[in-house]
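User: I am new to this kind of model and would like to learn how to read a few of its features. Could you take me through them one at a time?

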Amino acid sequence: MDIFEKRFGQQHTRYIQDDTATVNCVIETAQQVNGHTEYLLRLERGYVKQYSWKILRRYNDFAELQKHLSISEIDLPFPGKKLFGNMRPDFIAERRKALQLYINTVLMNPILASSLPAKRFVDPDSYSQSFHDQAVQNALLCLRSEGLWSLGSTLGAIGWRLRKHYFKVTQKPPDTKSSSKSLVKSGSQTHAQIKQSSVTGADQLLDASASSELVLEWLEYGPDKYIDDKELGGILKSLVGLQHPNIEALHYAMHNENGCLVIRKFHKHGTLKDILCMATPKNPFLSKYGNPKGRMALSMKQVAVYGKQILEVLIFLHSKGYPYGHLHSGNIVIIDDCVKLLDIENYVLGVPSFYRPFFVQHGKIYKSEAIDVYCFGHILFEMAMGYPMQESIVRQITDCPEILKNLLESILSKEACKTGLPSLEQLLAHDFFKQYSPSEICTKPLNDESQKPHLKLSLNAKEAIKQAILKTENRLREEQKSVKNQKRIVRVQELMSSEEEKRKSKHKAKQEYKQSKLKQQGSLQNNNGRLALSAVGATGSVTESSEISPRSLNRMNSVITNNTSQDAMQDLKSPPPTPAAYQSSNEAETRQTIRHHTQQSINEMSPPGAASSVDRQSSSPNITSDEQVSAETEIERSALLESICKFNRGSLRKVRSND
């Protein structure tokens, strides 16, 4: 017995895994091994760094994954195969980037990421076993004890859950000898069935199964399974006896240590998702919903009628202390404009919700009622628009009435997810349902007294469900805290990188400013040198090869500045002459002063033998008076510009005047 207990413990730990947790993949490097290239992949599950592992994959492994996912007809950026030159380092680097883009696209798509080929590619250790074979063994084990049902062929992967399998099932003819026996319940296996203690009851069940096609569903336990086997058997028995016009009844239910088996009616028209995607119900999940060939949205009246029925059944379940938690378009069927919910048993089995990757990002959505409200918002959006939401919040709502837009924003907007969602009763009282839905809907099933809403749970079952709700909410809150911390870390890293970029850009701008400043100073010095040379060349005293030092230029500026200040003082002391006389006298004095000081500066800067040449050039008869005037004007402008550019207050000195 110890061996079997150990084996059960290993299987139980192995199966308790959240298949909806996101997986991140990073191709770290590529290496050449035995003539081929292998890529090292680092993967992380969820938002906790400790759940990480590494695997090696070849290009052929990526190609095999693409082959399995091609049934979805989703356009994926898969790089093509190259026969020659595929071992070059530059080509391997380019292919690694292309494969990274491909695997990111696969894992970001909810439909592709939840498929078994994608799970086996990124996590072969957890998904390498044959789930189908295990489902067949457990289903046969559960049905063998009673002998009322015969397991048929499989329906394939028509659902999105990896650990849920669908089979055809038929009921065996009743045995008169054993039909009067009561149902047997043991400690290891517990089953619940519609009450039948006579041949007449068995015949009624046989007639019901013959009139419609039945389907057997086997589902393994999830990570939120907190109810023990003893209480779980009583809850399943209550769910088999549940009666509500908007809930699909269970024909049979049984569970063991590995999972649960239920039998219910199969609807040939499919679920609400099949109607919206215009898909065939028995086709594989990837081909039905990957890239549907057609989409259809419901009318506002249908949206209001179906939405009102969903809210009513959710309010009924919560009033009984039983949360639903698994509302999505694949769990809804429409029969004669009447909604019926499926998979009512999923909550007590602890399996994750379809929208869990969405509401785990919002810390305010952790209560069981808030989860049902949030999922209802997604259903309302999908019915009205014809396509599902791809994000956890709605960005912009168009092509719908304003009253429906307000209703959707109260559930799916960013502000609503931060502050809190409305209750089920508040949603039912919204003006949208009053305006578009009639007062009485789906009244046919209520004509029969046996079809009135009824769900009876024992006190122990209610307490067990209450404790399971608390533990499920606590696990969700812990995961939401991890998500929040991870987002904070990412935000800090982005800020740090942005600050680093700001520092780099600031340093670069400072360097550019310094370089531009140096260029301006250099160009200014060159211009000043050219101006001084032009001034000296205009007087004909210096040759082209002569150079003027900055010290000499400063001396010239100081002399001109001092003399200009002396002339200004004289002008202030003497009485003002007439304008014409003042202008002529001012021009004459300025020319004489500039000529005198320029001649003095040139004599100081010129070599000893240059004075005679200057005298000879100044007394040359070839220079006319107009040329002298233009030269003097040019010298005046150059000197003034030089004095302005090279003005230094510290170089000023007191000059005595003889006035």
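User: Is Glu28 buried, partly exposed or exposed, and what is its relative accessible area?

Analyst: In this model, which is predicted, Glu28 is partly exposed, with a relative accessible area of 32%. Lys54, in turn, counts as exposed at 52% relative accessibility, because exposed means over 50%.

User: Which residue does the side chain of Glu28 meet in a salt bridge?

Analyst: As a general idea, side chains of opposite charge can pair when their charged atoms come close. In this structure the side chains of Glu28 and Lys54 form a salt bridge, at 3.5 Å from N to O. Since Glu28 belongs to strand β1 (residues 23–33) and Lys54 to strand β3 (residues 52–58), the pair ties together parts that are 26 residues apart in sequence.

User: With which residue does Arg45 form a salt bridge, and is Arg45 buried or exposed?

Analyst: The partner of Arg45 is Asp123, and their closest N and O atoms are 2.1 Å apart. Arg45 lies in strand β2 (residues 36–45), while Asp123 lies in the loop between α5 (116–122) and α6 (124–127), so this pair ties together parts that are 78 residues apart in sequence. Arg45 counts as buried at 18% relative accessibility, and Asp123 is buried as well, with a relative accessible area of 5%.

User: How many salt bridges are found in the whole structure, and which residues are linked in a network of them?

Analyst: A search of the whole structure gives 22 salt bridges. Asp18, Asp224, Arg356, Arg475 and Glu479 are linked in a network of such bridges.

User: In what order do the strands of the open sheet lie, and is the pairing parallel or antiparallel?

Analyst: In general, the strands of a sheet pair through backbone hydrogen bonds, either parallel or antiparallel. Here 3 strands form an open sheet in the order β1-β2-β3, with antiparallel pairing. The edge strands, each of which pairs on one side only, are β1 and β3, and the twist averages 25° from one strand to the next. Between β2 and β3 the antiparallel pairing runs over 7 bridges, and Tyr39 has Arg57 in β3 as its bridge partner.

User: Which strands does helix α2 touch, and which does helix α3 lie across?

Analyst: Helix α2 (residues 59–69) packs on the sheet and touches β1, β2 and β3, its direction making about 95° with that of β3. Helix α3 (residues 89–108) lies across β1 and β2, and runs at about 155° to β1.

How values were computed. Residues numbered from 1 in each chain as written. Predicted model: local features only at pLDDT ≥ 70, side-chain atom pairs only at ≥ 80, totals over all residues. Heavy atoms only, no water. Salt bridge = Lys/Arg side-chain N within 4 Å of Asp/Glu carboxyl O. Helix = DSSP H or I, 4+ residues; strand = E, 2+ residues; numbered from the N terminus. Buried < 20%, exposed > 50% of the residue type's maximum accessible area, 1.4 Å probe, protein only. Pairing = 2+ DSSP bridges. Axes fitted to C-alpha atoms, helices over the stretch in contact; angles between N-to-C directions. Contact = heavy atoms within 4.5 Å.
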